[in-house]
Amino acid sequence: MNTVTEKIYQHVCQLDPDQKEFQQAVYTFLLSMDKVIDELPEVTYHKVIERMVEPERVVMFRVPWIDDEGRLQINRGFRVQQSSAIGPYKGGLRFHPSVNLSIIKFLAFEQVFKNSLTGLPMGGGKGGSDFNPKGRSDAEVMRFCQSFMTELYRHIGPDTDVPAGDIGVGGREIGFLYGQYKRITNSFTGVLTGKGQTFGGSLIRPEATGYGLVYLCDEILRNEGRKLEGATCLVSGSGNVAQYTVEKLNALGAKVVTLSDSSGMIYDEEGISPEKLAYVMQLKNVKRGRIREYADKYKGVTYIPRTGNGANPLWDIKADYAFPCATQNEINLEDAGNLVKNGIKLVGEGANMPCVAEAEKLFLDKGVLLAPAKAANAGGVAVSGLEMSQNSMRLHWTREEVDEKLRSIMKGIYTNISEAADKYSEHNNFVDGANIAGFLKVANAMIAQGYV
Ligand code: NDP
């Protein structure tokens, strides 16, 4: 790092020494800033980066709710409103026991640049709770969501802040949250995205992150004379992003041989066909079961339980392309070494910050094509932006229309990040390309708006 970025990083670490995930997100971003900062004296003069690493607003609140046994439960809620420079705050809500301020701040920070890359007018934010929906009844989830929204509603609005889903927040949770917002405010507005089809949701929103990931990677591969057709792929996770990544990879002729959850992974050498994927969707989205059950149902499938934090066997299977779609830091340096050893050609980040910084560096050093999350999983928020447009215009676009717009946004992102990589960094360094392209638009808006 140069002296300016090093100083910013040290300040961030001093202010919040325990926020390791946030520090990691800032660190990898600052490495890219080193490549442009000398060419942009106005950025240093106006302290743009120093302002960007400080959220505009952080809200933390108590979420009391009653479980099915009549006992009072208390969780912690968060909303980090990171930047409104180019539009209302926009970003998902995560319900998972690991959620804390550091994780929400890292997600909100990355969201700013991701949203900028989509070309749509959206600022960045993120929120959530340490509530664990796993094992809870629908009634408990509803009571939790209602209590969460009873506080959150005063901080959001269709022109202020528009939350969406993330880990642990799918269609069911968005429905409960929306119902409570509507009830408290007596207004039917586009205050959340990812809504159901009958109350303002956009077609293709559930599919958008996974589809967008595959569209972007397809673009990258084709520009390198490679293709998805006939390729063997590794996918981790088995939630929303993983499911639609598999669906689109299948549609484009690739074979996916793995899926996982926090308990373990399955390896299906024959490939997860559309029929098997339909089973996974039923298992995870309706039955809320575990991926282990896939190996009970289909012959010749290996299930490997997750043990400790060492190397993940999923990343030690020989394949052409890898798509981490579960959670942050799921690929450590050892995993990255295994992928490189087995000749992986591309890593497409469906999850946010799935690679530790050293793993990202190894991929870049070894010439592995790395599609970073800020660009690669931007399809979800892009279609959320399209949902906001449809809500404002009181319109409903067809599946084909939304899919076409998504495809064209992902193509635009590819052009944007590859041009920024060529101009400021090196050919195919999409990490720098995404950070720099996403940053420039927000930085210009911040400078134009004065010191706010
Ligand atoms: P889901 O809740 O639908 O699925 C998450 C999956 O990841 C599950 O299989 C879950 O397993 C697994 N997982 C979660 N936490 C851990 C953990 N600590 N260790 C191991 N496995 C874990 O979430 P999404 O698919 O929506 O999100 C996945 C990733 O994609 C996240 O990083 C999210 O931020 C990112 N993302 C999502 C977008 C969206 O539109 N949904 C948009 C952009 C990014 P288990 O069931 O055992 O918990």
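This is a predicted model: local features need pLDDT of at least 70, side-chain atom pairs count only at pLDDT 80 or more; totals for chains, interfaces and linings use all residues.
Residues are numbered from 1 along each chain as its sequence is written, and side-chain values use heavy atoms, with hydrogens and water left out.

**Domains**

- Domain 1 covers 3-189 and domain 2 covers 208-371, with bounds from an automatic or database domain assignment.
- Their contact (heavy atoms within 4.5 Å) takes 16 residues from domain 1 and 13 residues from domain 2.
- The C-alpha centres of the two domains are 26 Å apart.
- About 1000 Å² is buried between domain 1 and domain 2, with 45% from carbon and sulfur atoms; buried area is the accessible area (1.4 Å probe) that two parts lose on being put together, summed over both.

**Cavities**

- There are two cavities of 30 Å³ or more; a cavity is a set of points on a 1 Å grid over the protein atoms alone where a 1.4 Å probe fits but cannot get out, and lining residues have an atom within 4 Å of a point.
- A volume is the space filled by probe spheres set on the points, which are joined across faces, edges and corners.
- The largest cavity holds about 110 Å³, and its lining includes Thr 28, Glu 110, Cys 355 and Lys 374.
- The second largest cavity has about 40 Å³, and Phe 22, Pro 55 and Lys 105 are among its lining residues.

Terms used:
On a 1 Å grid over the protein atoms alone, a cavity is a set of points where a 1.4 Å probe fits but cannot get out, and a pocket is an open set with protein on both sides within 12 Å along at least five of seven lines; lining residues have an atom within 4 Å of a point.
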